[in-house]
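Here is a short briefing for a first look. Start with the overall picture, then follow the topics one by one.

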Amino acid sequence: MRVAVLSGKGGTGKTLVAVNLAAVAPTPALYIDCDVEEPNGHLFFKPENVRKTEIGIKIPVVHGDKCTGCRQCVDFCQFNALAYIKDHPLVFEEICHSCGGCVLICPGSALTEKEKVIGEVQMGRSGRVTVKTGILNPGEASGIPIIKQLLTACPAEAGHLTFIDCPPGSACPVMESIKEADYCLLVAEPTLFGVHNLKMVYELVKLFNKPFGAILNKCLDKANPAEEFCIDQGIPILDRIPFDQELGRLNGDGLIAARESEHYQEFFAALLATVLKEAGGAP
Amino acid sequence: MKQLLILSGKGGTGKTTVASALIKLSNAKAYADCDVDAPNLHLIMAAKTDPERRDYYGLPKAKIDPKRCTACDRCRESCRFEAIIKDQDYKVDAFACEGCGVCVAVCPVNAVTLNPAVAGELMLHTDKNRVFSTAQLKMGSGNSGLLVSEVKKQLKTAAVQTELAIIDGSPGIGCPVIASLSGVDLVLIIAEPSVSGLSDLERIIKTAGTFQIKTAVCINKYDTNRRKTAQIEDYCRENEIPVVGHIPFDPLAVEAINNGKTIVDLECPAGEATRRVFARTLDLLLMDSQNSADAD
């Protein structure tokens, strides 16, 4: 069972929910941080025995001695990652999408590919939880190859629970992260912005035909626009996390609430049971 | 035009809350929302009148003509994005297709074509000499970096003689953020005092540094974790990044936003602190132009 945790808006509590659910799982669990631009789950788990794997993409290299100046590569590139300057094709590595088209199209075999490292995947253990983190190097444009690597190298084992911590937003990195999920958990906060962005991920999970439910975070005693939206749209509300300064303090200090406090241990264990029931059965 | 960009690395630290307050305080005539896959600034700053809307075409998408296709499999083998699906017919997964055109190039019978695809919508609000450029990425589309560039281009074209533009950015450090950085004079980073907030702050500062853009930091909800606030201050001091202010946690701020108002529209501690942030940020922006004037 793979559960993706997403929210649209940033800072609503995706990592809080994903980390704590993985921490209370009764069986060995896998936590995957797909927010490769700003990964934070590892700051809570502080995993041990971390193994690092570099992630690279393929970037074209021009061999000037073989280039005839036909410019077919420049014309072919839809991303404008190649330009013809001073009788020579020039590669703009940051905007290359690694499609391999220029190499394919070059009639003189003047282009080959080299590996360019854009980040890494770290894998370690924290108690019963295996923690996988993707980290994009600052200055790199796309973390998609890292997210792909994070998700392909971990088949859904029977009896194992996987929690996928998604990036904010609703664009390509989020789509990539929820692709293989069996269930999507939408974390919403009770603000005007929170509701507007909840609406977007709600549309996204519908578009991808994923079963889903919502968790309302930072709940106060006042009117909750996120709750109203869920009720209006018939989105199942799995639970409500009350606004709690103690939870904020634990989380702000990088501690896992479910491991620090009995109250939150019970709270997240109950939430996990609800999620599994809603998502259709045993882990 | 001086461009001030608000970023944060981590999401939910208060970018839009601060950006809308700065727009109000500066009476900015030009502003934009570059968070195209989760835009919110319009909820606070939209003009009363309807915006001018136009479709945004991203990269094209491939399409296979089943009548011509001979099922040779070359397109599927060559596609690096796993966007060709072998079903009864060969099909293109439009979500996965990046529009590179490799499938078109390898097809021996011209069964594959690239077709324009709407990837979002650009909106331009104009009202009393003010220009507000924003966009919404279509659900399920990629190319958010290109759309961000379009939002900025639209702002520049519509507000030619404006002195100051305030731009609300997106979380993260990837392509939409990098696209929003181009041509910016100062990045104001809204930081949050938590373990996650500090880690994300370091990464966004590194990213802005890669493109050699001047940065300043504002610590939001600083009183929720004073130890982490002190750590952020230490980090900024060591890296010679000015801290332009501290905004306290303030329940009235949430109320203001939920009522569609900026936090300087009512009297509240967060609004007061933001006025000081505004003054110091403006000093930094102007100091910069003073320096460049001296250099000339």
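Helices here are DSSP runs of H or I with at least four residues, and strands are runs of E with at least two, numbered from the N terminus. On that basis, chain B has 10 helices and 13 strands. Chain A has 11 helices and 11 strands. The model is predicted. The predictor gives the complex an ipTM of 0.90 and a pTM of 0.92.

**Confidence**

- The average pLDDT of chain B is 93.
- In chain B, 97% of the residues score at least 70.
- Low pLDDT calls for care, as predicted coordinates should not be read in detail there.

**Chain A overall**

- The C-alpha trace of chain A spans about 70 × 45 × 35 Å along its principal axes.
- Chain A has 283 residues, and 51% of them are buried.
- Of the contacts in chain A with a separation of 6 or more, 74% are between residues 24 or more positions apart.
- Chain A is assigned two stretches as domain 1, 2-55 and 118-279. Domain 2 of chain A covers 64-109.
- Between the C-alpha centres of domain 1 and domain 2 of chain A lie 40 Å.

**Helix 1 of chain A**

- How many residues of helix 1 of chain A are buried? The count is 11 of its 11 residues, so the helix, residues 14-24, is mostly covered by the definition of buried, 20 or more other C-beta atoms within 10 Å.
- Among the buried residues of this helix are K14(A), N20(A) and V24(A).

**The sheet of chain A**

- Nine strands of chain A form an open sheet. Their order is 3-6-7-2-8-1-9-10-11, and the pairing is mixed.
- Which strands are the edge strands? They are strand 3 (48-62) and strand 11 (237-242) of chain A, and each pairs on one side only.
- From one strand to the next, the twist averages 20 degrees.
- Strand 1 (residues 2-6) and strand 9 (residues 183-188) of chain A run parallel and are joined by four bridges.
- Within that pair, L6(A) stands opposite L186(A) of strand 9.
- Helix 8 (residues 225-233) of chain A packs on the sheet. Helix 8 touches strand 9, strand 10 (212-219) and strand 11 of chain A. The direction of helix 8 makes about 160 degrees with that of strand 10.

**Chain B overall**

- Along the principal axes, the C-alpha atoms of chain B fill a box of roughly 70 × 45 × 45 Å.
- Chain B has 296 residues, of which 53% count as buried.
- Among contacts in chain B between residues at least 6 apart in sequence, 75% link residues at least 24 apart.
- Domain 1 of chain B is made of 2-56 and 125-295, while domain 2 is 59-116.
- The centres of these two domains of chain B, taken over C-alpha atoms, are 40 Å apart.

**Strand 1 of chain B**

- Why is strand 1 (residues 2-7) of chain B largely enclosed by the rest of the structure? Five of its six residues are buried, so the rest of the structure largely encloses the strand.
- Strand 1 of chain B runs parallel to strand 10 (residues 164-168) of chain B, with five bridges between them. There, K2(B) stands opposite L164(B).
- Strand 1 of chain B also pairs in the parallel sense with strand 11 (residues 186-191) of chain B, over four bridges. Here V187(B) is the bridge partner of L5(B).

**A179(B)**

- A179(B) is found in helix 6 of chain B.
- A179(B) counts as buried because it has 22 C-beta neighbours inside 10 Å.
- Beyond its neighbours within four places in sequence, A179(B) is in contact with G145(B), V148(B) and S149(B).
- A179(B) and P269(B) are 90 residues apart along the chain, and their C-alpha atoms are separated by 34 Å.

**Where the chains meet**

- The contact takes 49 residues from chain B and 48 residues from chain A.
- On the side of chain B that touches chain A, the elements giving two or more residues include helix 4 (102-106), helix 5 (144-158) and helix 6 (175-181) of chain B.
- Helix 7 of chain B gives the largest share of that side, eight residues.
- By class, the side of chain B that touches chain A has 17 nonpolar, 24 polar and eight charged residues.

Technical notes: Residues numbered from 1 in each chain as written. Chains lettered and ligands numbered in written order. Predicted model: local features only at pLDDT ≥ 70, side-chain atom pairs only at ≥ 80, totals over all residues. Buried ≥ 20, exposed ≤ 12 C-beta atoms within 10 Å, placed from the backbone. Contact = placed C-beta atoms within 7 Å. pLDDT = per-residue confidence, 0-100. Nonpolar A, V, L, I, M, F, W, Y, C, P; charged D, E, K, R; others polar. Pairing = 2+ DSSP bridges. Domains from an automatic or database assignment. Axes fitted to C-alpha atoms, helices over the stretch in contact; angles between N-to-C directions.
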